[in-house]
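I set out to record, entry by entry, what I looked up in this structure.

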Amino acid sequence: MKRKWRRTKNSPSLIHLAGKDSEKTPEHRSLHGTLLRHFSKSAIDLTRSRDRSNDRAGTGEDEARAESSDRSEASVHTHSHLAEKVALAQKTHGFLNTLRHRFQKSHSRDREREPSSPRDPVNGSSRTGSVPDVSQKDHSDHGGESSDPSGSTTPSTKSPRKGSEGRLNGEAGQDSAQHAALRQHEFFVVDVYLKHGRNLPAMDNSGTSDPYVKFKLGGKVVCKSKIVYKTLNPLWDEWFQIPIDDPYVPLQIKVYDHDWGMNDDFMGEAELDLSTLEPNREQEMTLNLSDSAKSGEQGSITLAANLVPKSKEEREQLAGAGSRSTDSKKLKNQQWSSVVTIVLVEAKDLMAMDSEGTSDPYVKLRLGAEKYKSKVQDRTLTPRWLEQFDMHLFDSGSQILEIEVFDHDARSKDDFMGKTTVDISKLEREKTHRLWCELEDGAGSVFILLTVSGMTNVETISDLLTYQEDPEQVDTIRKQFNLRNTLKQVKEVGHLTVKVFKAMGLASADIGGKSDPFCVLELVNSRLQTQTEYKTLSPQWNKIFFFNVKDIHSVLEVTVYDEDKDHKVEFLGKVSIPLLKIRPGERRWYALKDKKLLGRAKGNNPQVMLEMDLVWNPARAAIRTFNPREEKYTRPELKFKRAVFIRNVNRLKEMGAGFAEGAKFIKSIFDWESKPRTIAAFFAFMLGAYSFELYMAPVALLVVFFKGWVVNLVTAGFRSADDDDYVADDDDEDDDKDKAKDKKSSGDDEKKSLKEKLMAVQEVTAMVQNILGYIASLGECVQNTFNFTVPFLSWLAVLVLSVVAVVLYNVPIRYLVMLFGVHKFSKKLLRPNAIPNNELLDFLSRVPDNDQLRQFRELRPAQVTDL
């Protein structure tokens, strides 16, 4: 009896045994029992078509291999065909007769094909014996290692399973179970996390490449990675979702070098056998790339893959959503876990890419599948963008932010100027980070503000429902800002805690009469936001946020937006709260205003419930008052508007009216319109000139402050501005509409040069408008200082003037002038990086003008029973 062994593709753990006269021997009965145990009727039905194709392919391969192989290999192929015929004959009733017929037919065909094969002189068997060594079996069907003519072995990429005869029996149950488990599902999704590549071949003249990866399934490209420029060790850090119909079809991974305007160069490929992946378990692997046209190593890529079975319903949902790429994007859009807010501020020391020694830089930002591009700044190596971008993080997506800088060229390809990456996973959540990022493969650095907030997970530290106040931490914060510790950490003025509970009465922004509101809190350049509550006009966020206060005169801006599916936002309401007006520990409703902060927002008396607690150091705050104010990077650009221009002119007229009245009064004195008044003024002038000392100037200002304080005390009870709702006019919108119509009607007839002249005129008028506004604002700030509009600032001015008066009374003026000169001349030497400033203007910049007072005015909230 002659035995034949084969491990089939569809049942890799089964070893078939058959004999020429097996129907007459006990081996036949053993064979019959073994086949019945390992095969079922349903398995044969599912794999019958695959086995027939493999049978035809195997027969062709046997014929080609028989001419160059020895008798042992031919015998193995004969055994292979016999086993496949046994598998097909399992369903027939006449199993024994069919088995003998198939065996005899196959055996006779093998003899005709191998007339010159050496035979054993005793029994005619092959040289390898009746039971061949496992290492000699055919590897073409189930992977492993294939032998070349020289005797060396080459690893196969189709299947990672290798081993000996002993391992076959040990793995039989596991492989059969995995095969059955995969066949239970009709549809799969492969989550592929493409990490990085190493030691890729250089395809460019510079010794580098611009690699990217294509994933192919069944000859079709299913997804494509980004291009990483000028590197042999690219970092892709991308996540893909690939729908899979048949896990036995390998996933082809091909790497190319990107060439502008030419065909991309092939760099190498590898295959991933999806059937070897354990379902619902992510496995990381490194695949070596190969190129049939080249010898040697082509580098490797590292990725992680997870085969996820899906139900029929989930397959229909994905199929109805659109294409594979669209499905992946929509799936990710539904699973974002937090919002990444990036403010692109500026860059410095960039490379000069143009012949004039300058560049036209712009920035590309990429986080996972989201990409943004900044504006182009012309002819500069120190661009300043001041642009904000909102991106999203996903639980299983990339957390590497890529920043690339390019030089814009109108007639050719944009020049690459450098890149950098930021690992967001290492940054603290719910905090605004100020990052200077050094550029690689270039020169210079980029300054950004980055905040990760808007967390959807309830386990986050900002969740108010699970937050527990730590008494020790509270005590530490209060000690930090105690007056006794003023000289420690002078730049830290205070600590602000904001609890955002809920909102009500919001306007409906969606078609269904609902909104998807979320709340954004901004303190100068620190920006945090809540999660989005969907389909509601009364959201409950229940979040707690913490801010480091660097200027006690800052304003907390609370804005409610509606989120759309494409992540665009729609304004729902806003309120501005100066920190000095915060009443610690008080939970209350704040009425939401419109964009101008002058009237109520749309909706049913929209309002938001907040509770704030502020701990601060007055001495540090006073010192900070006389230093430059922090610039807000996302402040909108001031453009020319007719209504704003007219309002600034009227503000100057109101201020000028007071000066005109004063000048008219002085003129009446010199004109002797009232003799007693003129005589009294003459004696007062002579007495003052005779006894005047320099310290009397601040004393006179103190008298003015005293007058303003008294007036403020007397009139405080009669002011009830909070009860009046200011209705803003629509001059700005009308003005914008008029300008748009004028441009549209005359745009076809105007020449380009005329348009440029009009733009220049508009810039000049905008500059004049802003100058007038600044002058009017400065005068109103001086007036509000004396009126005790902000008591802290007024009392601080009184304290400073009192100290100045005492110093002027006791120290000769020449010493003070000398001391002032020493300070100015040595300031740059002692503090080289200090920003030039004027202490008086810095102080006045903290005093609100009349427009700001109207914006800070609180409207009466609606009566709410449930507080």
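The entries below cover a sheet, a helix pair and a pocket, in that order.

Entry 1, model. I note at the outset that the model is predicted.

Entry 2, sheet. I looked up an open sheet of four strands and found the order S22-S19-S26-S25, with antiparallel pairing. Strand S22 (540–549) and strand S25 (586–591) are the edge strands, each pairing on one side only. From one strand to the next, I read an average twist of 25°. I then followed strand S19 (residues 494–506) and strand S26 (residues 603–616): they run antiparallel and are joined by 11 bridges. Opposite Leu-506 I found Gly-603 in S26.

For helix H10 (residues 642–670) and helix H11 (residues 675–691), I found axes that come within 8 Å and cross at roughly 95°. Angles of 65 to 115 degrees count as roughly perpendicular, and H10 and H11 are therefore roughly perpendicular to each other. On the H10 side I listed Phe-665, Ser-668 and Ile-669 as making the contact, and on the H11 side Arg-677, Thr-678 and Ala-681. I sorted the residues of this contact of H10 with H11 into three nonpolar, two polar and one charged.

I looked up the second largest pocket, whose volume is about 980 Å³. Its lining has 25 residues, and Phe-626, Val-800, Leu-801, Val-804 and Leu-840 lie nearest its centre. Which helix supplies the largest share of the lining? I found that H15 does, with eight residues. Among the helices that each supply at least two lining residues are H12 (696–715), H14 (752–786) and H16 (813–830). By class, I recorded 21 nonpolar, three polar and one charged residues in the lining of this pocket.

Key: Residues are numbered from 1 along each chain as its sequence is written. This is a predicted model: local features need pLDDT of at least 70, side-chain atom pairs count only at pLDDT 80 or more; totals for chains, interfaces and linings use all residues. Side-chain values use heavy atoms; hydrogens and water are left out. Axes are lines fitted to C-alpha atoms, for helices over the stretch in contact, and angles run from 0 to 180 degrees between N-to-C directions. Angles under 35 degrees count as roughly parallel, over 145 as roughly antiparallel, 65 to 115 as roughly perpendicular and the rest as oblique. Contact means heavy atoms within 4.5 Å. Ala, Val, Leu, Ile, Met, Phe, Trp, Tyr, Cys and Pro count as nonpolar, Asp, Glu, Lys and Arg as charged, and the others, Gly among them, as polar. On a 1 Å grid over the protein atoms alone, a cavity is a set of points where a 1.4 Å probe fits but cannot get out, and a pocket is an open set with protein on both sides within 12 Å along at least five of seven lines; lining residues have an atom within 4 Å of a point. Grid points are joined across faces, edges and corners, and a volume is the space filled by probe spheres set on the points. Two strands pair if DSSP finds at least two bridges between them.
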